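Colleague: I would like to learn how to read a sheet, a packed helix and a few charged contacts from a model. Could you take me through them one at a time, with the general idea before the case?

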Amino acid sequence: MMKRIFLCVVVVLLAVGQSRAQVEVTKPQFRKSSWGDSMVKVKNMEKKRDLYPEKKDLYVFKSIVAGLDCYVVFNFINDKLTSGKYVTHMDHLNKEQFLFDYQDLVKLLKTKYGAPDDVQELWREGHKKDDYSVMAISLLNGYVTYKTTWNKEKTVIVIKLYSYDNDIRISIQYTSREYNKLNEEKVLEGL
């Protein structure tokens, strides 16, 4: 009789442990989605109008994240979600506000993911970082890029403050570690 009770307890504990493991596997990695999800599944969860429906490997829409206007970009390879990104699309009269926005976002990401694994302030050769009074001009001209990285178990998260086409932008890129090889192969195809 004791053996049966013991066996029942072991079976129940194994079942509970297995169901917890399944919950962890399905935990979202970018917004509501998990790496490897199909585009149809992601679109059904997000329910936003695709800004580029002709693109078979992208799903893009506008949203607001942490109070900032941005594009949300989902990247797919072979109909599997491999990465996602937020890219701001806003303008500030005071260009230094972008630096404050970046710092606020880094703070929020630290709260969610802990201390970053890497923090960089990258200056183009020939430009000095001594004069912070011209920081906004340096950002606008592309002389400096700020980059903070978190390396998590399933995802690499990189937030950047940079200049693109004479606009200052902030992006937060989430990349699947598992599907990163597919991303690299796609990039190499174009070389």
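Colleague: How many bridges join β6 and strand β7, and in which sense do the two pair?

Modeller: In general, strands of a sheet pair through backbone hydrogen bonds, either parallel or antiparallel. Two strands are taken as paired if DSSP finds at least two bridges between them, while the elements themselves are DSSP runs numbered from the N terminus, helices being H or I of at least four residues and strands E of at least two. Here β6 and β7 (residues 167–176) are antiparallel partners over 10 bridges, and within that pairing tyrosine 162 has arginine 169 of β7 as its bridge partner. The hairpin of β6 and β7 has two residues between the strands, and aspartate 165 in it takes a positive phi near 55°.

Colleague: Before we go on, what should I keep in mind about the origin of these values?

Modeller: This is a predicted model, in which local features need pLDDT of at least 70 and side-chain atom pairs count only at pLDDT 80 or more, whereas totals for chains, interfaces and linings use all residues. Residues are numbered from 1 along each chain as its sequence is written, and side-chain values use heavy atoms, with hydrogens and water left out.

Colleague: Which strand pairs with β6 (residues 155–164) through six bridges?

Modeller: That is β5 (residues 144–151), again in the antiparallel sense, and a hairpin of three residues joins β5 to β6.

Colleague: What is the order of the strands in the whole sheet?

Modeller: The sheet is open and has seven strands in the order β1-β2-β3-β7-β6-β5-β4, with antiparallel pairing. Because β1 (58–65) and β4 (118–123) stand at the edges with a single partner strand each, one side of each is left without a neighbour in the sheet. Neighbouring strands are turned by 20° against each other on average, direction ignored; for such angles, axes are lines fitted to C-alpha atoms, for helices over the stretch in contact, and the values run from 0 to 180 degrees between N-to-C directions.

Colleague: Which helix packs on this sheet, and which strands does that helix touch?

Modeller: Contact here means heavy atoms within 4.5 Å. Helix α2 (residues 39–46) packs on the sheet and touches β1, β2 (68–77) and β3 (80–88), its direction making about 25° with that of β1. Met39, Val42 and Glu46 of α2 are buried. Seen down the axis of α2, its buried residues fall within an arc of 65°, so they line one face of the helix, the arc being that of the directions from the helix axis to the C-beta atoms. Their cover includes β1, β2 and β3. After α2 comes lysine 47, whose phi is positive, near 55°.

Colleague: How many salt bridges does the structure hold, and how is a salt bridge defined?

Modeller: The definition asks for a side-chain nitrogen of Lys or Arg within 4 Å of a carboxyl oxygen of Asp or Glu, and the structure holds four. One of them joins arginine 31 to glutamate 46, with the closest N and O atoms 3.0 Å apart. Since arginine 31 lies in the loop between α1 (2–25) and α2, and glutamate 46 in helix α2, the pair ties together parts that are 15 residues apart in sequence. Arginine 31 is partly exposed at a relative accessible area of 29%, whereas glutamate 46 counts as buried at 5%.

Colleague: Which residue forms a salt bridge with lysine 41?

Modeller: Lysine 41 pairs with aspartate 37, the closest N and O atoms being 3.6 Å apart; lysine 41 is partly exposed at 43%, while aspartate 37 is buried at 9%.

Terms used
Buried means under 20% relative accessible area, exposed over 50%, partly exposed in between (1.4 Å probe, protein chains only).
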